[in-house]
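Please examine the sequence and the model shown here. The briefing that accompanies them is arranged by topic.

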Amino acid sequence: MCLIDRIDVETHAHATEDYDKVITALTNLLGLTVIKLIETNSLRGHYNNPIKVFKLTLRLRNCSNDNLVKSIAAKLSDDDKRILRISLDSRINGNKLYLRFDKQRLYLNTVALSDSDDVVKVIIHVNPIKLRDSNMFNILRELGLLID
């Protein structure tokens, strides 16, 4: 049985940003196969500035979401994994883990946690049945997101 049910991803780009670079940041995090799954919406911000929102939901089969999370975890630094462990209580709500990755660094193919505004937001939905059999900490450790 898979550990991860679903992964939700969202980011935005202001009119001054290159939309292709935002797509590159997303594919650097998630892989090229997701490019066709990205949905875009256009919004207006303060002073009527255009903003483009990029979203995707991954409900992959054959535990591919588990492998995707393991791939992301492998790219995270040990320092970021320590930060994640320390801040875990504020990042978990039920079966969901909330992560924010630095969008600019993702464009440069570096996966790093961030608390700034210019981020790619990721919500990892842990399989509730697996969560019943274990706890979030053990599941995230198994996925490689946490280190001792």
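This is a predicted model: local features need pLDDT of at least 70, side-chain atom pairs count only at pLDDT 80 or more; totals for chains, interfaces and linings use all residues.

Residues are numbered from 1 along each chain as its sequence is written, and side-chain values use heavy atoms, with hydrogens and water left out.

**Salt bridges**

- The whole structure contains 5 salt bridges, a salt bridge being a side-chain nitrogen of Lys or Arg within 4 Å of a carboxyl oxygen of Asp or Glu.
- One of them joins K103 to E17, with the closest N and O atoms 2.9 Å apart.
- K103 belongs to helix 5 (residues 103-107) and E17 to the loop between strand 1 and helix 1 (19-30), so this pair ties together parts that are 86 residues apart in sequence.
- Helices (H or I, at least four residues) and strands (E, at least two) are DSSP runs, numbered from the N terminus.
- K103 also forms a salt bridge with D118, where the closest N and O atoms are 2.9 Å apart.
- This second pair links distant parts of the chain, 15 residues apart: D118 is in the loop between helix 5 and strand 6, and K103 is in helix 5.
- K103 is buried, with a relative accessible area of 3%, whereas D118 is partly exposed at 23%.
- Buried means under 20% relative accessible area, exposed over 50%, and partly exposed in between (1.4 Å probe, protein chains only).
- Another salt bridge pairs R82 with D79, the closest N and O atoms being 3.1 Å apart.
- R82 and D79 are separated by about one helical turn, because they are 3 residues apart in helix 3 (residues 78-86).
- R82 is partly exposed, with a relative accessible area of 41%, and D79 is exposed, with 53%.

- D66 is located in helix 2 (residues 64-75).
- Although D66 is buried, it has no salt bridge, and K70, the nearest side chain of opposite charge, is 5.9 Å away.
- For charge, Lys and Arg count as positive and Asp and Glu as negative, while His and the chain ends are not counted.
- Leaving aside residues up to four places away in sequence, D66 touches C2, L3, I4 and L143, where contact means heavy atoms within 4.5 Å.

**Backbone angles**

- Most residues other than glycine have a negative phi.
- Y47, which is not a glycine, has a positive phi near 60°.
- Y47 is found in the loop between strand 2 (39-44) and strand 3, and counts as exposed at 79% relative accessibility.
- C63 is likewise not a glycine and has a positive phi of about 60°.
- C63 sits in the loop between strand 3 and helix 2, and is partly exposed, with a relative accessible area of 24%.

**The largest pocket**

- About 240 Å³ of space lies in the largest pocket.
- A pocket is found on a 1 Å grid over the protein atoms alone, as an open set of points where a 1.4 Å probe fits, with protein on both sides within 12 Å along at least five of seven lines; lining residues have an atom within 4 Å of a point.
- Grid points are joined across faces, edges and corners, and the volume is the space filled by probe spheres set on the points.
- Of the 15 lining residues, D8, E10, K121, V122 and I123 are the closest to the centre of the pocket.
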